[in-house]
Amino acid sequence: MRTICLAVAASYIFGSSFTLAASQSLELKYFGARGDTRYEILPGMKVPDFAAAKESGELDANLGRAPLLLVDGLPIGQSAAIERFLAKKIGLFGDSDVEAAQIDCISEHCRDVKDAAAKKGFGAFTRDKTDEEKSVARKEWFEADLPVMLEK
């Protein structure tokens, strides 16, 4: 999802005239929104049907999973790798190696927070808890656990 957010942010920042490079062909293999797997992330970026891509073996370069970004036909898998690639290409990955590392650090902190929240088990996909148990876990997360993480 962060990959899609970065792509959408780039589109918003740079407008519909945004392109990575005139010579580069980009194709993102990802899940669609609300059941539609054919939509445009960035102007000119193709997003084919996910189920068809998986069935045909197109996602094999990423262990059969999405997202997979094809750049001039060459695969880049894993969300974080795609995020970093796009951020570098559109100038959102710092002006030095130190700034890039700091941006990377913040990104990993965000992942840690997301993973810790998922472990609490209050998300929509948690099946082994009742709604009441999820509500208690959610309250505990936002009132106790998350503030402690953010204070560090």
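The model is predicted, so local features are reported only where pLDDT is at least 70 and side-chain atom pairs only at pLDDT 80 or more, while totals for chains, interfaces and linings use all residues. Residues are numbered from 1 along each chain as its sequence is written, and side-chain values use heavy atoms, with hydrogens and water left out.

**Strands**

Begin by selecting residues 68-71, which form strand β2, together with residues 74-77, which form strand β3; the two pair in the antiparallel sense over 4 bridges. Strands here are DSSP runs of E with at least two residues, helices are runs of H or I with at least four, and both are numbered from the N terminus; two strands count as paired if DSSP finds at least two bridges between them. Along this pairing, Leu68 has Gly77 as its bridge partner in β3, and Val71 has Leu74.

Next, select the turn of this hairpin, where 2 residues lie between β2 and β3 and where Asp72 has a positive phi of about 50°.

**Helix α3**

Move on to residues 79-89, helix α3, whose buried residues include Ala80, Ile82, Phe85 and Leu86. Glu83 also lies in this helix, and Glu83 counts as buried because its relative accessibility is 10%. From Glu83, draw a distance to Phe93: the two are 10 residues apart in sequence and 9.6 Å apart in space, C-alpha to C-alpha. After α3 comes Gly91, with a positive phi near 80°.

**Second largest pocket**

Finally, select His109, Cys110, Asp112, Val113, Met149, Leu150 and Lys152, which line the second largest pocket. A pocket is an open set of points on a 1 Å grid over the protein atoms alone, where a 1.4 Å probe fits, with protein on both sides within 12 Å along at least five of seven lines, and lining residues have an atom within 4 Å of a point. Helices α4 (97-120) and α5 (131-151) each supply at least two lining residues, and α4 gives the most, with 4.

Definitions and conventions
Buried < 20%, exposed > 50% of the residue type's maximum accessible area, 1.4 Å probe, protein only.
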